[in-house]
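Dear colleague,

Please find below the structure for your review. My findings on the contact between its chains follow directly after it.

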Amino acid sequence: MDLILDFERPLMELRRRIESLKTLQAEEGLDLSASIEQLDLQARRLQGQMLRDLSPWQRTLLSRHPQRPYSLDWISRLFTEWRELHGDRAGHDDAAIVCGFARYKGRPVAVLGHQKGRNTKESLKRNFGMPRPEGYRKALRLMGLAARFGRPIITLIDTPGAYPGVDAEARGQAEAIARNIMEMSTFQVPVICVVIGEGGSGGALALGVGNRTLMLENSTYSVISPEGCAAILWRDRAEGPRAAEALRITAKDCLHLGVADEVVPEPGSGAHRDPDGAAAALDAALERHLGELSLLDGPALREDRYARYRKLGVVLEEAERLAVIRAKLAETAAREEAG
Amino acid sequence: MSNGIGNGNPNGNGGPTGGSRWFEQPPKPLPTRPQSKGPDKDLWLRCPSCAEILYRPVLAERGQVCPHCSHHFRIEASARVALLADPGSFVVHDDHLGPGDPLEFSDAKPYHKRLLDTQKKLGVLDAFLSGSCTIDGLPVELGVFDFRFMGGSMGSVVGEKVTRVFERATERRCPAIVVSASGGARMQEGILSLMQMAKSCAALAKLRDEAGQPYISVLTDPTTGGVAASFAMLGDLIFAEPNALIGFAGPRVIQQTIGENLPEGFQTSEYLLAHGMVDLIVPRNELRATLAESLRWLVESRPVAIGEAR
Ligand SMILES: [Zn+2]
């Protein structure tokens with residue numbers, strides 16, 4: 001199953017033409033290298049432009065692309081000796097979150113991530129990457145263990161959000177998410193969070209309190225899904241593209257807002273087309289950040305994380321606030337006058 | 001002032017403050033709203049639970065609890081403070097902090113316009129009222145959501161003020177109490193609203209780990225979304241008012257997902273009690289006494305910690 005999004009079509013078409021020319025060349029013994037080279041150049045230019053011009057909604061679609069690498073795909077590319085562990089010790093094991101031991105360049109680390117499925121059966125098993133409380137509790141158990149033994153924690157975030165189900169509420173998903181958020185702030189080991197696809201609200205943040213937050217170029221991070229926001233504000237889920245724009249959910253926006261520390265480039269036309277290239281880019285970023293954090297001792301790591309979140313948000317003192325309001329009102333008045 | 005909120009000394013009961021930076025600003029009186037002189041029909045309302053016709057002044061005198069069926073109406077933040085704090089002990093903090101518009105968000109109305117209109121109407125800058133006070137003589141840091149302000153939603157200002165409640169309590173080494181009434185994170189501030197959950201919970205962890213002081217969370221109607229999924233559900237003790245809506249996902253969203261009717265009483269305080277998620281259901285008229293009793297049990301003349309005893 002190959003899903004090609006509308007905006008990918010021109011590029012895919014160009015690539016197909018290049019391939020057919022190459023086939024022709026090989027089969028008929030013709031020299032088509034000049035044409036191939038020209039098309040190739042055109043394709044690369046188109047690709048660069050396409051990635052630059054993607055709208056927030058198109059990024060949203062890419063972040064959810066069914067061929068995008070999921071947590072286990074990243075884990076197999078970036079880590080060795082991966083050993084998945086299970087269970088919340090309170091009656092449940094949630095397949096929407098995977099967690100376990102691994103080694104990163106020989107160093108023991110804990111790795112956790114939301115996990116989606118590739119086909120219907122696996123998607124149901126993984127609950128489309130939407131955790132229930134037991135998933136967060138399993139994750140917390142492993143993170144606590146890692147912290148006790150001084151092992152860095154790396155989390156991979158890719159979820160539409162917490163599961164809106166009766167059972168999840170009955171077992172206290174608000175408390176489970178809250179507990180993870182609070183405890184993650186206390187660990188005296190490096191914690192690096194990577195948004196690899198969808199960073200969906202509380203379900204994402206429950207694995208998302210780190211010293212660093214890296215975001216893949218085509219990932220998103222949002223307080224609510226664009227469709228959910230549209231349903232509330234415009235009473236129409238179809239207004240998702242508009243909400244995606246308004247909510248500023250792209251990696252670049254999150255970088256500007258201070259929510260992300262680095263945008264990890266996805267070479268080629270995205271991680272769904274070139275997972276190895278994207279893994280190499282993430283590997284480089286991970287190694288650098290882990291290296292930096294490894295210079296800090298336990299208490300400094302906790303304090304670093306505290307300071308990171310402490311400054312997030314925009315709060316205005318009275319005078320600033322009035323100045324901003326006055327400027328906005330003047331701007332509106334000027335616009336009305338002009339229009 | 002007659003509502004028990006004034007410029008009293010929050011440290012009258014010996015809370016150590018030691019020149020804390022939080023107390024450098026002079027205490028300010030609570031902002032008040034001019035009483036609206038509406039027509040007579042505004043003075044009466046029908047109880048949605050028992051259908052009795054209620055006289056508003058009587059309802060206000062009874063802390064917005066129906067005298068016939070004990071239905072708990074929503075209550076304004078300042079009235080809540082008046083019910084809980086010792087008269088004259090409450091000193092407001094951070095009421096000069098106002099929201100920006102970091103996303104330049106606009107739906108039916110630009111966010112900055114919506115803020116301005118709401119601020120004018122309510123006489124407050126955002127959805128949270130906080131201060132130092134005593135409850136039955138015990139110093140505490142108290143924060144109360146104002147549901148009237150955009151559904152009590154948590155954006156940067158609410159997150160900052162909650163964080164400061166915990167930071168002040170850590171600094172003063174006194175308990176913290178937060179009374180929640182919120183639909184969750186504020187969409188109009190996008191991802192920054194989500195980050196307030198992390199900011200406030202990190203401060204709460206410090207209260208526990210650095211000051212060893214307790215935090216009591218009081219859940220009122222409604223406590224949902226990002227507020228439920230952060231400090232509201234992390235109380236060392238969690239009390240809930242009767243029949244409040246409490247949960248993470250909204251009932252309508254869940255209904256759409258499962259495509260069938262929700263169980264009887266789903267996401268009420270009583271449901272949460274039955275599922276082990278809250279300690280107690282406390283009617284509003286008993287809340288102050290229950291808080292006082294709990295605080296005494298927790299912190300009054302604390303003995304030497306067992307680990308420190310020699
Ligand atoms: Zn009644």
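In this predicted model, 16 residue pairs are in polar contact between chain B and chain A, both residues of each pair being at pLDDT 80 or more. On the side of chain B that touches chain A, at least two residues each come from strand S4 (98–99), helix H3 (111–122), helix H4 (156–172), helix H5 (190–211) and helix H7 (251–258). H5(B) gives the largest share of that side, with 18 residues. By type, the residues of this side of chain B comprise 35 nonpolar, 17 polar and ten charged.

Regarding the extent of the interface, 62 residues of chain B are in contact with 54 residues of chain A. The area buried between the two chains is about 5100 Å², and carbon and sulfur atoms account for 69% of that area. In chain B, the residues that lose the most area to chain A are B:Met187, B:Ile191 and B:Phe248, which together make up 13% of what that side buries.

Charged pairs are also present: five salt bridges are found across the interface of chain B and chain A. One of them joins B:Glu167 to A:Arg310, with the closest N and O atoms 2.7 Å apart.

Finally, the two chains are linked by strand pairing. Strand S9 of chain A (residues 315–316) pairs with S4(B) in the antiparallel sense over two bridges. Within this pairing, A:Leu316 stands opposite B:Gly98 of S4(B).

With kind regards

Methods: Residues numbered from 1 in each chain as written. Chains lettered and ligands numbered in written order. Predicted model: local features only at pLDDT ≥ 70, side-chain atom pairs only at ≥ 80, totals over all residues. Heavy atoms only, no water. Contact = heavy atoms within 4.5 Å. Buried area = accessible area lost by both parts, 1.4 Å probe. Salt bridge = Lys/Arg side-chain N within 4 Å of Asp/Glu carboxyl O. Polar contact = N/O pair within 3.5 Å; in protein donor to acceptor, adjacent residues only side chain to side chain. Helix = DSSP H or I, 4+ residues; strand = E, 2+ residues; numbered from the N terminus. Nonpolar A, V, L, I, M, F, W, Y, C, P; charged D, E, K, R; others polar. Pairing = 2+ DSSP bridges.
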